[in-house]
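Subject: Structure handover

Hello,

Here is the structure I promised to pass on. Please open it first, then read the notes below.

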Amino acid sequence: MENHDRIIQGMAGDGDFRVIAAQTTVAVETAREILDLSPVAADALGRAMTGSLLLARLLDKDVRNQYVTLRFQGNGPLGTVIADATVKGGVRGFVANPVPEDPLLDVEKAIGTGMLTVVRGTPPAGKPYTSQILLGGKGISTDLTRYLMRSEQIASAVLLGVLNRRDGVAAAGGIVIQAFPHATEEAIAAIEQRVKDAPPLSTLIDKLDIEDVVATVLHGVHYKQIDAGYSVPVSYSCPCSRERALAPIALFGEADIREMIEEGGTEVVCQFCGRKYSFSAHDLLALTAKHDA
Ligand SMILES: [Zn+2]
């Protein structure tokens with residue numbers, strides 16, 4: 001599959017609206033392969049991944065290395081769903097139970113109701129900013145729209161879509177339209193109508209470039225891509241490392257670590273990318289030495 005995944009942005013309605021859009025087909029298909037996602041899990045995680053990319057860009061205050069993590073903790077069969085993206089276009093995800101028993105569930109039921117935690121920050125320095133809202137069970141777009149309104153005072157419309165085919169993810173992406181405070185009620189109503197009338201986003205992304213998808217959704221409303229050069233490539237990427245994999249083990253009690261040493265070492269598998277990190281008894285002994293110090 002050719003990779004055209006990217007984030008673009010533009011202005012609509014004579015500067016009343018900011019539009020950020022992302023094509024994430026290959027990134028979501030990569031997640032499906034790595035994490036062995038069922039179609040409904042790919043749909044849910046694909047929307048969450050796209051949402052985290054859009055939010056990382058939307059909430060970026062020129063920090064340039066901001067990340068946004070979305071943690072959905074619902075009572076649906078998928079369990080916890082995590083998506084993590086940077087403003088530079090790196091994104092990764094995790095689904096606790098990627099193959100629910102009922103394969104025909106929709107995303108809303110598969111996630112269920114519960115809590116959405118949004119964390120954003122700028123590594124390595126800077127305290128992350130965390131907020132929580134209740135998951136309404138009406139879909140990820142609705143949850144993100146509510147989050148933006150309640151926690152960020154941003155009036156927006158969020159569209160997300162994933163198209164699954166027999167052989168994998170055929171299309172994925174999303175659009176967020178932010179209304180600036182000076183937008184008139186009339187202009188907002190016109191945009192809302194376009195969003196309501198738009199065909200399912202995933203079928204548009206399946207056929208068109210993301211620029212044309214945005215133009216199709218906003219047809220009749222003046223739209224232009226600000227800074228046509230703004231096109232950030234998106235890819236599935238995980239910043240895990242041996243050092244980071246070892247950190248949680250260091251928090252275990254001494255007895256647990258001794259047990260691992262007796263077993264000759266331990267292996268940590270990254271839940272986002274599947275990379276395996278092996279730690280020998282020798283590596284673990286070094287940890288207990290730190291404990292003793
Ligand atoms: Zn990883």
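**Arg 57 and its surroundings**

Leaving aside its neighbours within four places in sequence, Arg 57 is in contact with Gln 9, Arg 18, Ile 20, Arg 64, Val 87 and Tyr 230 (contact means heavy atoms within 4.5 Å). Arg 57 belongs to helix 2, residues 39–58. Its relative accessible area is 9%, so Arg 57 is buried. Buried means under 20% relative accessible area, exposed over 50%, and partly exposed in between, with a 1.4 Å probe and protein chains only. Helices (H or I, at least four residues) and strands (E, at least two) are DSSP runs, numbered from the N terminus.

**Ground rules**

This is a predicted model: local features need pLDDT of at least 70, side-chain atom pairs count only at pLDDT 80 or more, and totals for chains, interfaces and linings use all residues. Residues are numbered from 1 along each chain as its sequence is written, and side-chain values use heavy atoms, with hydrogens and water left out.

**Domains**

The chain is divided into domain 1 (6–236) and domain 2 (242–292). These bounds come from an automatic or database domain assignment. The C-alpha centres of the two domains lie 36 Å apart. Seven residues of domain 1 are in contact with four residues of domain 2.

**The zinc site**

Which residues hold the zinc ion as protein donors? They are Cys 238, Cys 240, Cys 270 and Cys 273, each through SG, at 2.2 to 2.3 Å from the ion. Donors are N, O and S atoms within 2.8 Å of the metal (3.2 Å for Na, K and Ca); water is not among the atoms, so sites may look incomplete. Along the chain, the spacing is C-x1-C-x29-C-x2-C. Cys 238 sits in the loop between strand 12 (235–236) and helix 8 (242–250), and Cys 270 in the loop between strand 13 (265–269) and strand 14 (276–280), so the pair ties together parts that are 32 residues apart in sequence. Both Cys 238 and Cys 270 are buried.

The four donor atoms subtend angles of 102 to 117° around the zinc ion, which makes the arrangement tetrahedral. Four donors count as tetrahedral if all angles lie between 85 and 135 degrees.

An open sheet of six strands runs in the order 7-6-3-4-5-12, with mixed pairing. Its edges are strand 7 (129–135) and strand 12, each pairing on one side only. Two strands pair if DSSP finds at least two bridges between them.

Strand 3 (residues 67–74) and strand 4 (residues 81–86) are antiparallel, over six bridges. Arg 71 has Ile 82 of strand 4 as its bridge partner. Leu 70 stands opposite Ala 83. The two strands form a hairpin with six residues between them, and Gly 79 in the turn has a positive phi of about 70°.

Strand 4 also pairs with strand 5 (residues 90–95), antiparallel over five bridges. Here Ala 83 has Gly 93 as its bridge partner. This hairpin has three residues between its strands, and Gly 89 in the turn has a positive phi of about 100°. Five of the six residues of strand 4 are buried.

**Two loop residues**

Asp 36 has a positive phi of about 50° although it is not a glycine. Asp 36 lies in the loop between helix 1 (25–35) and helix 2, and is exposed at 57% relative accessibility.

Best wishes

Notes:
Tetrahedral: all angles 85-135°; square planar, octahedral: opposite > 155°, others 65-115°.
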